[in-house]
Amino acid sequence: MRKAPRRFLLPMIVTGFLAMSSVSYGKAVDFQFTEEQSKTAVDILDKLATRHYRNQPFDDHMSQQMLDKYLESLDPAKAFFLQKDIDKFHKDYGNKLDDTLSEGDLKPGYNIFVKYFNRANDRLDWVIKNLEDPDGFQFDFTKEESIPIGRDSQHWATSEKEADEMWRKRIKASILSLKLADETTEEARDTLLHRYKNQLTRLEQEDSSDVFEAMINALTLLYDPHTSYLSPRTLENFNISMSLSLEGIGAVLQAEDEYTKVVRLITAGPAAKQGELKPADKIVAVGQGDDGDMVDVVGWRLDDVVKLIRGPQNTVVRLKVIPGEAAGNTANKEIRISRDKVKLEEQAAKKGIMQLTDGDKVYKVGVINVPAFYIDFEAYRRRDPSFKSTTKDVYRLIKELEQENIDGLVIDLRNNGGGSLQEATTLTDLFIDQGPVVQIRQTSQTISRNYRSRHRAVYRGPLVVLTNRLSASASEIFAGAIQDYRRGLIVGTQTFGKGTVQSLTPVYSGQLKITESKFYRVSGGSTQHKGVIPDVTFPFLVDADQVGESSYDTALPWDQIHPVPHEDYYDFGSIINDVTKRYDVRKLKDPDFVYLNKQVEIMNENKARTQLSLNEKQRIQEQKQREAESLAIENERREAKGLALYKDEEEFETEQKAETEERIEEANSVHDLNTDDDALLSEAGYILIDMVDLLRKQPANQVANF
């Protein structure tokens with residue numbers, strides 16, 4: 001996943017070669033860029049030009065883009081700079097960064113930073129004084145006014161007066177959101193006061209290394225979101241944190257605007273087991289233990305938020321989050337997670353059996369859940385015959401399911417973020433005969449086709465692969481190969497679209513993570529950006545505009561190369577329309593699908609909102625309406641399934657907490673997969689039954705080349 005450029009909401013005071021400022025909180029820190037940084041910048045430019053997959057010149061046009069990315073990384077919410085600052089930066093440096101950086105001249109980046117610091121320091125000092133002064137900010141929550149929401153609505157103020165008004169509304173919106181989360185007005189003011197004082201305190205901790213890293217990553221990001229520079233200090237801090245006896249929650253995080261955003265959850269990790277934290281959620285506060293104070297982390301650097309989240313194994317961390325589907329960063333939800341390690345055995349594939357009927361016959365549909373493409377490399381290198389891997393586990397599970405006389409098999413790749421390319425290849429080998437699995441094109445444009453299936457298929461029966469937006473990388477290679485060979489149907493949602501390979505290379509000081517190759521399917525199309533498009537599409541409660549490779553504006557594009565010869569096992573083209581029609585009929589009647597589609601509608605409605613009311617009465621009404629709507633669609637689902645209805649929101653919430661505990665207990669089980677109450681998995685099974693039925697009616701020469 002991408003390493004976002006470092007955000008510096010409140011950086012340090014710059015002196016050295018040439019600027020100094022004073023601050024109301026904390027002492028001044030002097031610095032200047034070094035000869036080492038200059039040489040590192042030149043070395044990085046050389047590596048990007050010669051080794052990055054994307055061959056693009058660092059010219060005047062790209063200089064403008066780098067400037068924009070740098071300004072965005074410093075002031076992501078467009079809260080501090082004025083429009084006249086931006087205009088001056090473009091006039092002075094817009095077409096020159098390619099020339100200055102090539103010569104190792106870092107002054108433009110530092111000059112911009114000094115202006116940013118002065119703006120940020122003055123503005124936050126103003127905010128703090130108004131929050132501290134009883135006669136400062138005075139808010140009328142009965143007034144009819146609103147604030148624009150969404151990144152498209154953000155703009156730099158054209159004057160100090162406009163900036164004052166933008167910040168007044170911003171503070172008012174924050175206080176109102178905290179009040180709706182059961183804080184008093186005074187408690188809300190104190191929360192914001194601590195938030196902004198903490199940001200100023202952190203000002204002293206920054207130095208020239210931070211500015212250099214932000215400036216360079218504004219450039220690397222233009223090549224693709226997975227290319228980034230890691231300074232020696234960043235690498236050292238990472239290595240130290242990894243060597244301590246500390247555990248996390250199993251989530252990939254990134255900085256976005258002032259927030260820490262969840263990108264994806266690690267399969268079998270604590271957060272995935274707990275089940276409440278979701279991709280696109282924004283973490284706004286972190287608490288230690290069951291009753292520790294919540295520390296507001298809005299505006300914090302990503303690495304410092306991670307330090308709060310990590311801790312000793314089996315201890316509790318509490319996260320206050322804004323759900324990804326919420327409108328306008330308003331709703332807060334507290335999630336309790338027990339820190340732990342992600343154990344290899346917990347990522348192991350599991351099997352289950354669903355008994356489904358088409359009305360005439362009961363089918364036994366085997367299910368194998370593959371959470372990750374894992375291999376115990378250490379045992380493998382020792383040539384230990386008992387080494388653990390995805391392919392070995394799935395092979396064993398297939399044989400066990402065949403003993404149960406299954407009628408078909410569903411491979412569940414939902415939330416599988418990838419892993420070993422070797423395992424993706426050997427797993428594919430269990431389902432196809434000899435042939436290529438994936439093509440890899442290098443920066444030099446040479447194409448490798450060495451990852452191949454080398455044996456006859458182990459399982460030759462009907463096959464469906466279930467994916468979602470969080471199925472990535474190695475998952476996409478497996479699913480793409482199954483689809484290209486027409487070996488099975490792919491159902492679910494469009495996958496993540498991570499189709500590139502990175503390596504770490506040393507530079508003059510630090511390391512450069514650089515994208516050097518790209519994956520292509522045997523049909524010639526890349527898995528990059530587009531991912532794998534399912535043959536039958538299911539609804540999914542994650543916004544593809546926020547999660548996935550296509551959500552990054554500098555992601556490498558989808559393209560295609562020549563296909564390679566490969567078998568076509570089934571003629572799915574003759575049946576797919578009928579398969580889809582049968583699915584469309586079922587989804588209109590299935591209570592769980594109806595429920596899920598209504599949730600997606602609500603998410604899209606919230607996403608479409610452009611204004612957030614600052615009227616307390618209206619917001620309370622909206623909150624009650626959301627709660628009532630959530631209860632109503634849940635009770636509609638329960639009534640359709642013959643279950644007892646919830647009396648009120650309190651009973652609904654209590655039951656959800658109980659279900660969370662059951663989910664954690666189930667996730668910790670090493671027994672067979674529980675296939676109950678999974679509407680998407682059941683539907684994948686019904687699609688497999690339809691596939692078997694429709695293929696059976698085809699002429700023999702259209703059915704299979706097995």
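Analyst: Begin with the cut-off: a salt bridge is a side-chain nitrogen of Lys or Arg within 4 Å of a carboxyl oxygen of Asp or Glu. Side chains of opposite charge can pair when their charged atoms come close. The model here is predicted, so local features need pLDDT of at least 70 and side-chain atom pairs pLDDT 80 or more, while totals for chains, interfaces and linings use all residues. Residues are numbered from 1 along each chain as its sequence is written, and side-chain values use heavy atoms, leaving out hydrogens and water.

User: How many salt bridges does this rule give?

Analyst: The count is 56. One of them joins Glu-683 and Arg-586, with N and O 2.7 Å apart.

User: Which parts of the chain does that pair link?

Analyst: Distant ones: Glu-683 is in helix H20 (residues 679–696) and Arg-586 in helix H16 (residues 576–589), 97 residues apart. Helices are DSSP runs of H or I, at least four residues, numbered from the N terminus.

User: Is Glu-683 buried or exposed?

Analyst: Buried means under 20% relative accessible area, exposed over 50%, and partly exposed in between, with a 1.4 Å probe and protein chains only. Glu-683 is buried, at 3%.

User: What about Asp-693 and Arg-696?

Analyst: Their side chains form a salt bridge at 3.9 Å, N to O. Both residues are in helix H20, three residues apart, or about one helical turn. Asp-693 is buried at 15%, whereas Arg-696 is exposed at 51%.

How values were computed
Helices (H or I, at least four residues) and strands (E, at least two) are DSSP runs, numbered from the N terminus.
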